[in-house]
Every structure is written in structure tokens, then in C-alpha cells.
Amino acid sequence: MRLLVTGGAGFIGSAVVRLAVARGHEVINLDALTYAACLDNVASVADSAAYTFVRADIRDRAALDRVFAEQAPDAVMHLAAESHVDRSIDGPGTFIETNITGTYNMLEAARKYWLEQGKPERFRFHHISTDEVFGSLPADPSVKFTEETPYDPRSPYSASKASSDHLVRAWHETYGLPTVLTNCSNNYGPYHFPEKLIPVIILNALAGQPLPIYGDGSNIRDWLYVEDHAAALLLVVEKGELGRSYNIGGENERSNLELVQTLCAILDRKRPKATGSYADQITFVTDRPGHDARYAIDPGRIRAELGWRPSVTVEEGLEKTVDWYLANEPWWRALQDRQGVGERLGVGT
Ligand SMILES: NC(=O)c1ccc[n+]([C@@H]2O[C@H](COP(=O)([O-])OP(=O)(O)OC[C@H]3O[C@@H](n4cnc5c(N)ncnc54)[C@H](O)[C@@H]3O)[C@@H](O)[C@H]2O)c1
């Protein structure tokens, strides 16, 4: 397939780009190169004849029309977004513009192209979203997010993603645009931007700095290795049922405190400190306003209908992730100078 991937210079988008090229797809990577982007993430495929990079902003409708006309994709995988909850608390405007208006622009540009092409049978618009649109779960482990869970977003980030999901559904129902939608749990793995929890913990640990845990560390997230997410996304864009949504998750619930303790134990083995444990650096800090208590995905639909399974457990994935950060210091050092990285963001007013 000839795939137009938006946000392909980001964390998850770059994993999709690398995997898609490795599987023989042609990829057009459309990205505005915001603070969160890094073209080194796709350096391994940059010289491939199957790969094209286009710098464009999804807030610019005319640019999107040009890209569709020139690149003639078979399918769209739309990942470009502002993605950091803490930044959405400090500056929600960009989240509204990129995540909502940008998705509207993508839908309209895709619809125009699809109509001009005579509604090709195989065209797909795959919108990549988050489980955060469903809100916060109670502690009861039997309760999980399914595709039927009502939307209840609680941060500017999740509200903007929920809005974009609703637009995608409306474009399918109203205009017949062939859409598929996925909602995934927290990702981790190589090339994770160093403002997100797992890289922050690894890099602060190595630097001898405090390991910040919001609140009491009891907030639970359901962690999925990014390459398993990328594989699920390629499966959905190829085989997903039109108009349907699929929840994707690794069934790996961990409290933030447990997660950080696991990372410290891995680092204690791989890069022991002169004295003590990295866990000695754990520091509890003021909680994020509106911090959702628990996310957990029931991936029953994608497992039963499309046969998807994650390839690694969270223990294996965290080992691989720590190894990757230990081996790729130039990559993360270069990103630590970017605006806001390393600062406490999103404490509210
Ligand atoms: N990170 C997670 O755990 C997670 C989980 C589920 C879903 N998602 C969703 O997956 C997608 C990718 O997430 P990520 O963590 O890789 O994000 P990221 O912040 O690492 O990357 C986002 C990419 O989008 C690009 N971008 C941002 N605004 C743009 C614009 N206006 N025009 C064009 N490009 C723009 C950036 O330059 C960057 O390369 C997002 O839609 C996010 O909501 C993320």
C-alpha cells in the first residue's frame, strides 16, 4: 500500500514508518516538525526508495490538498497531534488547532481526494487516538475500557482527541468516508521523547537527579510497547472493518510508582550506582490537576476479529527500552535542549 502517515517524525508515527517500510509499503511521512519531532527517528529508512518526507502542517488545508494530489496515497494513517497532557494544561490552544481543526482539515482533504479518485474501494482513513478519551476508571480490575465505553475526556489533550474521534465518526456516517479508528493505551519504547514519564525516569536516574512522581504514584496506566502498537495499526489499516473502532492495549497495568521502581531495578542491574539504588532518587511532587486515576484497555475486539497480540510483556519491553536509552545517548542529549524539556509543566494555576 501507499500510506500517507501524518506525524511520522514523532514517537509512534516513526515506529509506524519504520515498520511499514520494512514490510514493503510505500510511505509518505507528512510532519510539521514541531518541538516533538525528530527526523533521526526515521533515519534508518530515509534513503529507501519507498520513503518520502513532506514537511507540512495539518492546520494548512491548502498544503494538505497539494500533498494528496501529488502523492496519491491508498490510505491515510493520521497520527499528527499535540500529545503531551502537561503542555495541554499550560497551552490548550495549540491542541485545539492541531488535534481538532487539523483533523478536520485532514478529513476534508481526504474526502476531496477520495471523491476525485472515484471513491476507490481500498481507500482508508485511519485515525489514531488514545484511551484517554474514555476518562478515568475505578480501581476494580474487572472494569476496563471497551469500544462501547462512553467518552468522558477530562484534560484539554483528551478533550481535543475526543473531538477529533467524533469528527472521524461523523465523516463516516455523513459522507461515507471509509474510516477506521483506534484508541490505544500508554506507549513506551525507543525514540520516546524525553519529556514523557519513562524517558524522564531513565535519564534523570542516570544524571543523579530526582525521579519525580506525581501525587502518591498510585495512578495506574496500561503500558504497550510502541512496536506492538505499530503492528496493530498496520493490521487495522489493512484489515479493519470500515466505520469500526478498535481498542489497543497490552493488558499491563502498573501504578506509576511500581513502574518507576521496576525501571530503577533494571538500571541497578545494568548500570549499578557506586552506592545505593536508583530508587533512592524517587521524589513525590505536586500532582497533575485532574490526573486520571486509572486507564485499562480490554483489547478483546482486535484480538478476536483481527488476531492481534502484543509480542512482548511489559518486563521485556522495559528491558529493551532501558537498553535502547543506554545505547543512544546522542539521540536523547540533542532533544534535552528543546523548549520546556526537563521543566515541570502543567501544574495549573
Ligand atoms: N504516546 C502515547 O502513549 C499515545 C497513546 C495512544 C495514542 N496516541 C496518539 O498517537 C499519536 C502519536 O503520538 P506520539 O506519542 O507519537 O506523539 P509525538 O508528540 O511524539 O509526535 C507527534 C508528531 O506530530 C507532529 N505534529 C504535531 N503537530 C503537527 C501539525 N500541526 N502538523 C503536522 N504535524 C504535526 C509532530 O511534529 C510530531 O512529529 C497522537 O495522535 C496521539 O494522540 C499516543
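Visitor: At roughly what angle do the axes of helix H4 and helix H5 cross?

Guide: The axes of H4 (residues 92–116) and H5 (residues 156–175) cross at roughly 15° and come within 9 Å. This is a predicted model, in which local features need pLDDT of at least 70 and side-chain atom pairs count only at pLDDT 80 or more, while totals for chains, interfaces and linings use all residues. Residues are numbered from 1 along each chain as its sequence is written.

Visitor: Why are H4 and H5 called roughly parallel?

Guide: Angles under 35 degrees count as roughly parallel, over 145 as roughly antiparallel, 65 to 115 as roughly perpendicular and the rest as oblique. H4 and H5 cross at roughly 15°. H4 and H5 are therefore roughly parallel to each other.

Visitor: Which residues make the contact of H4 with H5?

Guide: Two residues are in contact if their C-beta atoms, placed from the backbone, lie within 7 Å. On H4 they include Phe-95, Ile-96, Tyr-104 and Arg-111. On H5 they include Tyr-157, Lys-161, Leu-167 and Trp-171. The contact residues divide into 12 nonpolar, five polar and two charged. Here Ala, Val, Leu, Ile, Met, Phe, Trp, Tyr, Cys and Pro count as nonpolar, Asp, Glu, Lys and Arg as charged, and the others, Gly among them, as polar.

Visitor: What makes H6 and H8 oblique to each other?

Guide: The axes of H6 (residues 197–207) and H8 (residues 256–270) cross at roughly 40° and come within 10 Å. H6 and H8 are therefore oblique to each other. H6 passes H8 in a right-handed crossing. Leu-197, Ile-198, Ile-201, Ile-202 and Ala-205 of H6 meet Asn-256, Val-260, Leu-263, Cys-264 and Leu-267 of H8. That contact has nine nonpolar residues, one polar and no charged.

Visitor: What about H8 and H10: at what angle do they pack?

Guide: H8 and H10 (residues 314–327) pack at about 55°, with axes 10 Å apart. That makes H8 oblique to H10. H8 also passes H10 in a right-handed crossing. On the H8 side are Thr-262, Leu-263, Ile-266, Leu-267 and Lys-270, and on the H10 side Leu-318, Glu-319, Val-322 and Leu-326. By class, this contact has six nonpolar, one polar and two charged residues.

Visitor: Which residues of H6 are buried?

Guide: Leu-197, Ile-198, Pro-199, Ile-201, Ile-202 and Ala-205 are buried. The buried residues of H6 pack against strands S7 and S8 and helices H8, H10 and H11. After H6 comes Gly-208, with a positive phi near 75°.

Visitor: Why does Gln-209 count as partly exposed?

Guide: A residue is buried if 20 or more other C-beta atoms lie within 10 Å of its own, exposed if 12 or fewer, and partly exposed in between. Gln-209 has 13 C-beta neighbours inside 10 Å, so Gln-209 counts as partly exposed. Gln-209 lies in the loop between H6 and S8. Gln-209 and Ile-282 are 73 residues apart in sequence, yet 9.1 Å apart in space, C-alpha to C-alpha.

Visitor: How many residues surround the ligand?

Guide: The ligand is surrounded by 31 residues, the closest being Gly-7, Gly-10, Ala-32, Ala-37 and Ala-81. H1, H4 and strand S5 each supply at least two residues of that shell. The shell divides into 14 nonpolar, 12 polar and five charged residues.

Notes. Axes fitted to C-alpha atoms, helices over the stretch in contact; angles between N-to-C directions. Helix = DSSP H or I, 4+ residues; strand = E, 2+ residues; numbered from the N terminus. Left-handed = near helix turned anticlockwise from the far one by under 90°. Near = placed C-beta within 6 Å.
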